Amino acid sequence: MKKLLTLTVNGRLREDAVAENALLIDYLRDALGLTGTKQGCDGGECGACTVLVDGEPRLACSTLAHSVAGHHIETIEGLSTEGNLSRLQRAFHEHLGAQCGFCTPGMIMAAEALLRRNPQPSRDEIRAALAGNLCRCTGYVKILDSVEAAARCEDAAGVAA
Ligand code: FES
Ligand code: FES
């Protein structure tokens, strides 16, 4: 049975009729067309579906859409502004953090939450923040390099890009 779901997605207020048992990932991908959020496993193990709920990383594949009613959801699509990549998106591109790219949205969302609360993370802090995100291409060194580069970019600018 569907009921009205009200929440904010990437800064936009949404009101949609959504099945009571719908998962957040299905609502985002199927109802809103935000297919940047990926489903990589059968549930809860790979981190590919990571989005931010009120700024905190959350697995969209194991979150009921109605459980985040009234909250602010951010997906990978919400990070770029007016066609410009965010500092993390740019760093992943420039430092080869994305190989096949399937894990990349989840990695970037987890890293985004980290850099907001800790703009100068150590390598170990980055590793810990991304511990729940698996990369099937196993390019972890480049992923860590990319997050470090994004942090340096933020420092150089003095503000979040
Ligand atoms: S798709 Fe959500 S953890 Fe793998
Ligand atoms: S870049 Fe391919 S799964 Fe990570």
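Predicted model: local features only at pLDDT ≥ 70, side-chain atom pairs only at ≥ 80, totals over all residues.

Is Leu96 buried or exposed? Leu96 is exposed, at 52% relative accessibility. I take buried as under 20% relative accessible area, exposed as over 50%, and partly exposed as in between (1.4 Å probe, protein chains only).

Residues are numbered from 1 along each chain as its sequence is written, chains are lettered from A and ligands numbered from 1 in the order written, and side-chain values use heavy atoms, without hydrogens and water.

Positive phi. Leu96 is not a glycine, yet its phi is near 60°. I found Leu96 in the loop between helix H2 (87-94) and helix H3 (104-117). Helices (H or I, at least four residues) and strands (E, at least two) are DSSP runs, numbered from the N terminus. Asp54, also not a glycine, has a positive phi of about 50°. Asp54 sits in the loop between S3 and strand S4 (56-59) and is partly exposed at 44%.

Helix H1 (residues 24-31). Its buried residues are Leu24, Ile25, Tyr27 and Leu28. Their cover includes strands S1 (2-9), S2 (12-19), S3 (50-53) and S5 (72-74).

Thr37. I placed Thr37 in the loop between H1 and S3. Thr37 is buried, at 2%. Beyond four places in sequence, its contacts (heavy atoms within 4.5 Å) include Ile25, Leu28, Cys49 and Val51.

Cysteines. Cys49 is buried at 2%, and Cys41 is buried at 16%. I counted zero disulfides, taking a disulfide as a pair of cysteine sulfur atoms within 2.5 Å.
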